[in-house]
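Here's a quick walk through one protein model, written for someone who likes to know the cut-offs behind each contact. Have the viewer open and follow along.

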Amino acid sequence: MQKQLALSLPNVLQKTRTLKDLKTLHAHIITTGLQQSSFAIGNLVAHCATAFGNMSYAYQMFDQMLEPNSFVWNTVIRGFQQNQEPKKALLFFDSMRTRTVPPDRFTFPFVIKACTDLKDRWKGLCIHGQLFKTYIESDVFVATSLIEFYVGLEDMRIARRVFDEMPLKDVVSWTVTICGYVNVCSDMEAAHQLFDEMPVKDLVVCNTMIGGYLKIGNMGVATELFDRVPKKDLLMYNTMLGGYVKNGEIEYMLHLFDEMPERDVVTWNTAIGGLVQNRRVNKAIELFHRMQLKNVRPNEVTVITVLSGCAQVGALDIGRWVHSYIDRSKFGQDVMVGTALVDMYSKCGSLEIAQHVFDQMSNRDFTAWNAMIMGFSMNGQSKKALEFFHRMRGEGIAPNEVTMVGVLCACTHAGLVDEGRRCFNAMHEELGITPKIEHYGCMVDLLGRAGLLKEAYEFIEDMPITPHTGVWGALLGACKIHSNVELAEVAIKHLIELDLEDGGYLAIMSNIYANAGRWDDVAKVRDLMREKGIDKTRGCSSITVNGEVHEFGATDKLHPRSKEVYEMITEISKQLRTAGHVASVTEVFFDVEEEEKENALHFHSEKLAVAFGLISTDEGCTLRIVKNLRICNDCHSAMKLISQIFSREIVVRDRSRFHHFKGGSCSCGDYW
Ligand code: ZN
Ligand code: ZN
């Protein structure tokens, strides 16, 4: 009877699915007198630890034994280690030794793992020392756990010594050592050497090697290794796909994506994210649709990525469609999804809906508040931005640095100098936020735009941190608005010293000289730009029509309907002249010959986008344009007139803010 029960125990245990069943079995074992059998209790303890993670009952069973042998001790030590109680595992190891039960090759791997969990260098070294005196050190499981221990301590030197001294190595010991080189110290040379020597290379080690090369940006070797693996798994494809995205090689990424035999949600998210990062929003949306046709369920990451793409190019219609998809898919409760929606709507200039989404969110963290405040601020609704800032504080959500950039920008856009000063001082005194360089930039912008140029300059001189190009750039911009050549020269001198890479600043300086009629100086700046090989960033605007994003670069003719677009521009120019619009040519980039200046103005990218919008949408439709640079004076006054002449609302988001043109005026009140 006893013997039979003992023999059938492993089978019986396999069918024991609840702790209650296990307890019944334990009771049965006690009645049959098997409670002192190390074999029986050891099996029960192991099952209790692995299947139910219940170490307190496992310990009870163990504790009732008079002389548990090393098998039972091992099951208890392993149980504690596997159930995230490494300290207890080590404690039991110590009492096992005081009770003079000899540890064996099954004891040590788990004891060493416990040391690894605790990163207990001292204890680990002691155990290694004990092993040194026995044959056990060379056991493949024991040695591998030692390698893991040293890898965990980032000590590849000893890890390698243990590895080298192993008489017999298995796939795991090779893998652990190679992964150590890759993950601990990115030593791809050492890793590759072992990898070449490894007799049978499994997928784990191949994945690690490829990931390691991708991490150090060596696409060449990563691709070569990848091509050499005959049977790739999904993880490997995904790793490679992510590598292409990281390196901006979107065409290769798409090629690999199409080749993949299977794709999971990570695959789709990686590809969509890569496209969005590279402003290929149409293609990203296409994949988003394809993903659903293939019955892969998008998750939060997918919709957040697609929404950020929509926000980037101002694709409101697509964003709205994603929103309805989210509602149908019941993602709504997620803070991050809600925040992404708020961000998308505000960046598309639809503040009412942004606020509606914000109000509906059941849970709002600081990122949600920041998105809303930034939205109001960018759209020129400064009062609302400040109101929400106070509400945020009222609800006990601590503002952070990002919040304060939004708040200070709001003050800048509305010329609220006193309020701005108050908020800036509050950062330090009430909110415990140390102002960063961007906050100083905002303050210089605020003071400068309001015409307080001298104060702005003094503010820069008093800064506790070294001003960067943004700070001097803000002063320069203010000097342009208020035609102050002297301070502009101070600002540009600092900008040149800071080795500016953005040619835009020199262009502004030349405009300041041009406005003052100082043509000799204009020529000098022009020479400097040539000498430095600086080119002005190319203007680029996008507009979404019928769910497709259309991009226009200044003067380019790449769009399939560009002939009609240019005809429309001619028509617009004619109407503008009739309405009395005089082009302000000083804004044109000066490398253009004088007589071409007015022409070039007509072909600024936002004008091309508006012309396209006018010919491809129904009457009365709002045109939404996103521009990568600041809108120039001429385009700004042209847009105002176009909104009146063609009875269209035009929303332009430029690099710093929104302009809502309607009936001949702009929401910014010409203050930008
Ligand atoms: Zn322009
Ligand atoms: Zn405006």
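## Salt bridges

Lysine 123 and aspartate 94 meet through their side chains in a salt bridge, 3.1 Å from N to O; the term covers a side-chain nitrogen of Lys or Arg within 4 Å of a carboxyl oxygen of Asp or Glu. That pair links distant parts of the chain, with lysine 123 in helix α8 (residues 121–132) and aspartate 94 in helix α6 (residues 86–98), 29 residues apart. Helices here are DSSP runs (H or I, at least four residues) and strands likewise (E, at least two), numbered from the N terminus. Aspartate 94 is partly exposed at a relative accessible area of 34%; on this scale buried is under 20%, exposed is over 50% and partly exposed is in between, using a 1.4 Å probe and protein chains only.

Next up is aspartate 258, which forms a salt bridge with arginine 290, the closest N and O atoms being 3.6 Å apart. Aspartate 258 lies in helix α16 (residues 250–259) and arginine 290 in helix α18 (residues 281–293), so this bridge ties together parts 32 residues apart in sequence. Arginine 290 is partly exposed, at 24% relative accessible area.

## A longer reach, and the count

Which residue does glutamate 551 form a salt bridge with? The partner is arginine 279, and the closest N and O atoms are 2.9 Å apart. Glutamate 551 lies in strand β2 (residues 548–553) and arginine 279 in the loop between α17 (265–277) and α18, so the pair ties together parts that are 272 residues apart in sequence. Glutamate 551 is partly exposed with a relative accessible area of 35%, and arginine 279 also counts as partly exposed, at 33%.

Salt bridges that share partners also join Glu489, Arg518, Asp521 and Lys524 into one network. The total by this rule comes to 26 salt bridges.

## What you're looking at

A word on the ground rules: this is a predicted model, where local features need pLDDT of at least 70 and side-chain atom pairs count only at pLDDT 80 or more, while totals for chains, interfaces and linings use all residues. Residues are numbered from 1 along each chain as its sequence is written, chains are lettered from A and ligands numbered from 1 in the order in which they are written, and side-chain values use heavy atoms, leaving out hydrogens and water.

## The zinc site

The zinc ion (ligand 1) has His604 (ND1), Cys632 (SG) and Cys635 (SG) as its protein donors, lying 2.0 to 2.3 Å from it. Donors are N, O and S atoms within 2.8 Å of the metal (3.2 Å for Na, K and Ca), and sites may look incomplete, as water is not among the atoms. Along the chain, the donors follow the spacing H-x27-C-x2-C.

Histidine 604 sits in the loop between α34 (594–602) and α35 (605–616), and cysteine 635 in helix α36 (residues 633–645), 31 residues apart. Both histidine 604 and cysteine 635 are buried.

## Other cysteines

How many disulfides are there? The count is zero, taking a disulfide as a pair of cysteine sulfur atoms within 2.5 Å. Cysteine 411 is in no disulfide, and the nearest cysteine sulfur, that of cysteine 423, is 4.8 Å away. Cysteine 411 is buried at 0% relative accessible area; cysteine 668 counts as buried too, at 7%.
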